[in-house]
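Please keep the sequence and the structure in view while reading.

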Amino acid sequence: MHILFTHFRNFRPGLTLACCLWALLGGCDMIEYHPYDLDIDGETDVNRRNIERIETATYGKEEIRFAVISDTQRWYDETEDAVEALNRRDDLDFVLHTGDMSDFGLKLEFEKQRDILSGLRVPFVCLLGNHDCLATGLDVFRKIFGTEDFAFTAGYVRFLCLNTNALEFDYSSAVPNIQFIREEGDHVPEGVEKTVVAMHAGPFSEQFNNNIAEYFQYYLREMPDLQFCVYGHGHNISVDEFFDDGIKYYECTCAKKRSYLFFTLNSNGYTYEVVNF
């Protein structure tokens, strides 16, 4: 398996899936594998289990601290290093991965990433990325992690985690799911005072359904005291105010560039830091 993922780390987006599989299988003659394998090995329903841990551990906390990583894809060594760096902190409540765990939507990619991230000392949740939708990646994601739109509460903060990969769904369903956002706004859990929104592709990217960007903004602002939004996809660090409404959108870079975002929220507001590892 080490040889298998050594090949994986060397892939580039220009390779076809056929070349990808040739490289994989050429490195290990004993492995039989096909790109539509849905027979999951190891833990499933990861997000639900970890959300339970997050909500239990942060219940009643006045200050919440979390890290954001994204686009770990083929960079397995770098993801392991990120886990080691995060584990050295003693002030972290949970880790949020904003998507693209896989490059080609293959089951082995998701399983490998899940196993690396499971080495974290704190719970983590994973969002759906556009690369995660390739092949049968969406089905694999749902089996291993859960639904692509979900929410949880940490302390007094509601975290809204959204699928924004409209291009991968051919605009055949609501992405972003405005109805989900509206229902979250209509049924805010007791004690929630603030909101943070996470997604993979940010507004006005090629993945986002920009025809409904203004509706997206409107319903996000209906959530309790929206603080900021986080996203990945672009493999860069950036801070933007897409709608000129005072809400910042923080982009997290890919694992190859060896940095993560760190946020602290409390009654005074929030702080933001880029941490290199």
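## Salt bridges

Asp-41, Lys-107 and Glu-111 are linked in a network of salt bridges, where a salt bridge is a side-chain nitrogen of Lys or Arg within 4 Å of a carboxyl oxygen of Asp or Glu. The structure holds 16 salt bridges. This is a predicted model, in which local features need pLDDT of at least 70 and side-chain atom pairs count only at pLDDT 80 or more, while totals for chains, interfaces and linings use all residues. Residues are numbered from 1 along each chain as its sequence is written, and side-chain values use heavy atoms, with hydrogens and water left out.

Another of the salt bridges joins the side chains of Arg-258 and Asp-81, at 2.7 Å from N to O. This pair links distant parts of the chain, 177 residues apart, since Arg-258 sits in the loop between strand S9 (248-251) and strand S10 (259-266), whereas Asp-81 belongs to helix H4 (residues 76-87). Helices (H or I, at least four residues) and strands (E, at least two) are DSSP runs, numbered from the N terminus. Arg-258 counts as partly exposed because its relative accessibility is 29%, and Asp-81 counts as partly exposed at 26%; here buried means under 20% relative accessible area, exposed over 50%, and partly exposed in between (1.4 Å probe, protein chains only).

The side chains of Asp-45 and Arg-48 also meet in a salt bridge, at 2.4 Å from N to O. Asp-45 is partly exposed, with a relative accessibility of 26%, and Arg-48 is partly exposed as well, at 39%.

Asn-50 lies in helix H3, which covers residues 46-57. Is Asn-50 buried or exposed? Asn-50 counts as buried, because its relative accessibility is 6%. Once its neighbours within four places in sequence are left aside, Asn-50 is in contact (heavy atoms within 4.5 Å) with Pro-123 and Phe-124.

Helix H5 (residues 107-117) and helix H6 (residues 137-144) have axes that come within 9 Å and cross at roughly 30 degrees. Such axes are lines fitted to C-alpha atoms, for helices over the stretch in contact, and the angles run from 0 to 180 degrees between N-to-C directions.

Where H5 meets H6, the residues Lys-107, Phe-110, Glu-111 and Arg-114 of H5 are in contact with Gly-137, Val-140, Phe-141 and Ile-144 of H6. The residues of this contact divide into 4 nonpolar, 1 polar and 3 charged, where Ala, Val, Leu, Ile, Met, Phe, Trp, Tyr, Cys and Pro count as nonpolar, Asp, Glu, Lys and Arg as charged, and the others, Gly among them, as polar.

Strand S10 is mostly covered, with 8 of its 8 residues buried. Ser-259, Leu-261, Phe-263 and Leu-265 point one way from S10, while Tyr-260, Phe-262, Thr-264 and Asn-266 point the other way.

S10 pairs with strand S1 (residues 64-69) in the antiparallel sense over 5 bridges, and two strands pair if DSSP finds at least two bridges between them. Within this pairing, Val-68 has Leu-261 of S10 as its bridge partner. S10 also pairs with strand S11 (residues 269-276) in the antiparallel sense, over 8 bridges, and there the bridge partner of Phe-262 is Glu-273 in S11. S10 and S11 form a hairpin, with 2 residues between them.
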